[in-house]
Amino acid sequence: MTVAKLPDGDPAPADGRLPARAGTGADDRDLGVYVHVPYCRVRCGYCDFNTYTAEELGGTSRKEYIDEALVELELARSRLGEIDAVRPVSTVFFGGGTPTLLPPEDLVRMLAGIRSTFGILPDAEITTEANPDSVDERDLAKLRDGGFTRVSFGMQSAVPHVLRTLDRTHDPKRVPEVVAAAGRTGLEASVDLIYGTPGESLDDWRTSLEAAIELDTAHVSAYALIVEDGTAMARNIRRGTVPPVDDDLQADMYELADVLLSAAGYDWYEVSNWSKSGAESRHNLAYWTGQDWWGIGPGAHSHVGGVRWWNVKHPAAYASRIEQRLSPVMARELLDDETRRTERILLETRIRSGLPVGVLEADGRRAVAELIAAGLVDAEAALGGRVVPTLRGRLLADRVVRDLT
């Protein structure tokens, strides 16, 4: 997991040691690994992720990156071993950036390092993100042979003018080709979509949804475009060269996505994610249910037992720390019980399994009835002791959380 703008936090020790409290109750939590690959061929105008083109790397090299990441992996093994028995990994996710700008051999080598360092459970979910134009069938076969089980393609849209506005470089005709290639190699495929791009109509969005459904992948993600300060798109909106995002239209697009995907056999399991039965992303769910994960790479975030930390942002700063055998952690925070409870409400009201009513304090429990009356919380689920948002509740998730906390 990674973001571009790093939060403030408490100083972290140079050796990366974790407080003992992080190991408490670890037997009840899964352990995942997130590997951030911070490279992109071009910078998309809407993107605020911690990514870098070749010109922005400041003297560091893609060729050396996996060697650096493997050093951090060894540090992770050492630090976790000091607070608790090291657990085998249940999910691995390579995100970016574009992980598949690295040769498949490098990604497989990193996965082998995770296997030899931590161990990987036999039924582990192991995913890499990929752009449609960054892999071919031979690459995908190498990934599958190396232990990957899943690939998530950045489709974003099936409409050329929407892709141009997003600065995406792939031909939409390439998406069915790589999804079919993934299937032939035995990899499960997912596609990511973005809705609400300036100039995108509801009919454009319908075209993209229908194209995604036609692919018959096991999983579809659909994310509302958020225009972040500092991006090229934000500057263009301020200049008036592209229209602003229409919040009402985005709500209509979300409702259309739910209708069409549900009719095609996909069930929502998190506000922005739909899957066929049993194909939910376990790594995604680990974030929403408060499991443990170690983030490897520049700007990567980690969470173990109520301790959250994040690495230095730039690849050059990361490489410098690793070369000195210092922890790449920039800062961290120890979450107190109240913060953890609030975050649990925030996260678990986003997922289909919902939030146990017993987590709520008295005011929050009283608010459940009001949210049912407002059509924001499912009444049947609430009678069963779970707070589950309705479709309208998913659109007004902030209000649901505010009322419950």
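## Close-up views of a predicted model

**View 1. Helix H2 and its buried side.** In H2, the residues tucked away as buried are Pro 104, Asp 106, Leu 107, Met 110, Leu 111, Gly 113, Ile 114 and Thr 117. Keep in mind that this is a predicted model. What do the buried residues of H2 pack against? Their partners are strand S1 (31-37), H1, strand S2 (89-96), strand S3 (120-130), H3 and strand S9 (292-296). After H2 comes Gly 119, which has a positive phi, near 90 degrees.

**View 2. H2 alongside H3.** Helix H2 (residues 104-117) and helix H3 (residues 137-145) have axes that come within 9 Å and cross at roughly 15 degrees. Angles under 35 degrees count as roughly parallel, so that is the label for H2 and H3. On the H2 side, the contact is made by Pro 104, Glu 105, Leu 107 and Val 108, and H3 brings Asp 139, Lys 142 and Leu 143. The crossing of H2 past H3 is right-handed.

**View 3. H2 alongside H1.** Now look at H1 and H2, which pack at an angle of about 15 degrees with their axes 10 Å apart. This pair is therefore roughly parallel too. From H1, the contact uses Ile 66, Asp 67, Ala 69, Leu 70, Leu 73, Glu 74 and Arg 77. H2 answers with Asp 106, Arg 109, Met 110, Gly 113, Ile 114 and Thr 117. H1 passes H2 in a right-handed crossing.

View 4. In soluble globular proteins, nonpolar side chains tend to be buried together. Here the largest nonpolar core has 75 residues, and Leu 140, Phe 153, Trp 205 and Ile 296 have the most contacts inside it. Helix H1 (residues 65-83) supplies the largest share of this core, 7 residues. There is also a second, separate core of 14 residues, with Val 357, Ala 367, Val 387 and Leu 404 among them.

**View 5. Around Trp 205.** Leaving aside residues up to four places away in sequence, which residues does Trp 205 touch? They are Leu 193, Ile 194, Tyr 195, Glu 200, Ala 222, Met 253, Leu 256 and Ala 257.

View 6. A cis peptide bond joins Gly 96 and Gly 97, with omega at about 15 degrees. Gly 97 sits in the loop between S2 and H2. Gln 156 is not a glycine, yet its phi is positive, near 70 degrees. You'll find Gln 156 in strand S4 (residues 150-156). Is Gln 156 buried or exposed? Its relative accessible area is 8%, and buried means under 20%, so Gln 156 is buried. Asp 216 also has a positive phi without being a glycine, near 60 degrees. This residue is in the loop between helix H6 (202-215) and strand S6 (219-224). Asp 216 counts as exposed because its relative accessibility is 51%.

**View 7. Helix H11.** At 1.5 Å a residue, the 12 residues of helix H11 (residues 337-348) should span 16 Å, which agrees with the 16 Å between its end C-alpha atoms. Buried in H11 are Arg 341, Ile 345, Leu 347 and Glu 348. The cover over these buried residues includes helix H9 (282-288), strand S13 (355-356) and helix H15 (397-404).

Technical notes: Residues numbered from 1 in each chain as written. Predicted model: local features only at pLDDT ≥ 70, side-chain atom pairs only at ≥ 80, totals over all residues. Heavy atoms only, no water. Helix = DSSP H or I, 4+ residues; strand = E, 2+ residues; numbered from the N terminus. Expected span 1.5 Å × (residues − 1). Buried < 20%, exposed > 50% of the residue type's maximum accessible area, 1.4 Å probe, protein only. Contact = heavy atoms within 4.5 Å. Core = buried A, V, L, I, M, F, W, Y, C linked by side-chain atoms within 4.5 Å. Axes fitted to C-alpha atoms, helices over the stretch in contact; angles between N-to-C directions. Parallel < 35°, antiparallel > 145°, perpendicular 65-115°, else oblique. Left-handed = near helix turned anticlockwise from the far one by under 90°.
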